Amino acid sequence: MSTLPSLVSCWLPTELGEFQLHGVADPSTGQEHAALTMGDVADGKPVLTRVHSECLTGDTLFSLKCDCGPQLQSAIEAIAAEGRGALIYLRQEGRGIGLVNKIRAYALQQAGADTVDANRLLGLPDDSRDYHMAHDMLAALGVASVKLMTNNPGKVDALRKLGTVVTERVELIVGQNPHNHGYLDTKARRMGHLISTPMNLHDLVNKEQS
Ligand SMILES: Nc1nc2c(ncn2[C@@H]2O[C@H](COP(=O)(O)OP(=O)(O)OP(=O)(O)O)[C@@H](O)[C@H]2O)c(=O)[nH]1
Ligand SMILES: [Zn+2]
């Protein structure tokens, strides 16, 4: 039986509500990860959960190239609205390739490659993320099962393979804009993301202009 990571925790008031903030270091890599929780997540009932991968550009620098920032905010708002839930914030930038490689990939995208081909041109995997710390952190928090906010069925499968009980997938379709149209389209076409209402660029542009 594997040992659960020991979390350190404190109270964190935010603009979106009052949370418990938890931190942990991955014993195998030293990489630090965070979680926010609200309410009693250890009561045995399914917990509204977001497992979010770090995106410095989208989460903190207001980039319009992806949908990460709005997804993060929306997930935290949904947890606050329910008064109970968990956000697991994994420090695996750029789908695991790191910030500097993501910037290299962005430069290739600027020259015409899509998000998948840019990684391949750099000799890097499409997605090298690992969710074992999400599984371990949820277990350490006493979460029995999750309603997972994601559009990525691969994330649901990866967590299930690790033993996390996912009772439901909750779609998280927000943050569409003219700059991330091609990116979201590629995620739907080439990465299997279930973005059920594909954005119509013309509608968006018209909406922005009206
Ligand atoms: N390599 C690379 N990483 C990117 C790019 N755009 C966003 N990311 C990273 O992708 C990760 C988020 O993955 P996404 O594919 O957007 O979404 P997901 O987490 O698989 O699925 P959701 O749960 O629906 O958000 C973050 O770590 C971002 O830093 C890109 O063009 N190239
Ligand atoms: Zn992003």
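**A tour of the predicted model**

The protein has 210 residues and a radius of gyration of 17 Å, taken over C-alpha atoms. A compact globule with 210 residues would have a value near 17 Å, so the two agree; the globule rule is 2.2 Å times the number of residues to the power 0.38. This is a predicted model, in which local features need pLDDT of at least 70 and side-chain atom pairs count only at pLDDT 80 or more, while totals for chains, interfaces and linings use all residues. Residues are numbered from 1 along each chain as its sequence is written, and chains are lettered from A and ligands numbered from 1 in the order in which they are written.

Show the whole protein as a cartoon. Eight helices and seven strands make up its secondary structure; these are DSSP runs numbered from the N terminus, with helices (H or I) of at least four residues and strands (E) of at least two.

Zoom in on Asp127, in the loop between helix 4 (115–121) and helix 5 (132–140). Asp127 counts as partly exposed because it has 18 C-beta neighbours inside 10 Å (20 or more would be buried, 12 or fewer exposed, with C-beta atoms placed from the backbone). Leaving out residues up to four places away in sequence, Asp127 touches Arg95 and Gly96 (contact: C-beta atoms, placed from the backbone, within 7 Å).

Move to Arg129, which lies in the loop between helix 4 and helix 5. Arg129 is partly exposed, with 19 other C-beta atoms within 10 Å.

Definitions and conventions
Contact = placed C-beta atoms within 7 Å.
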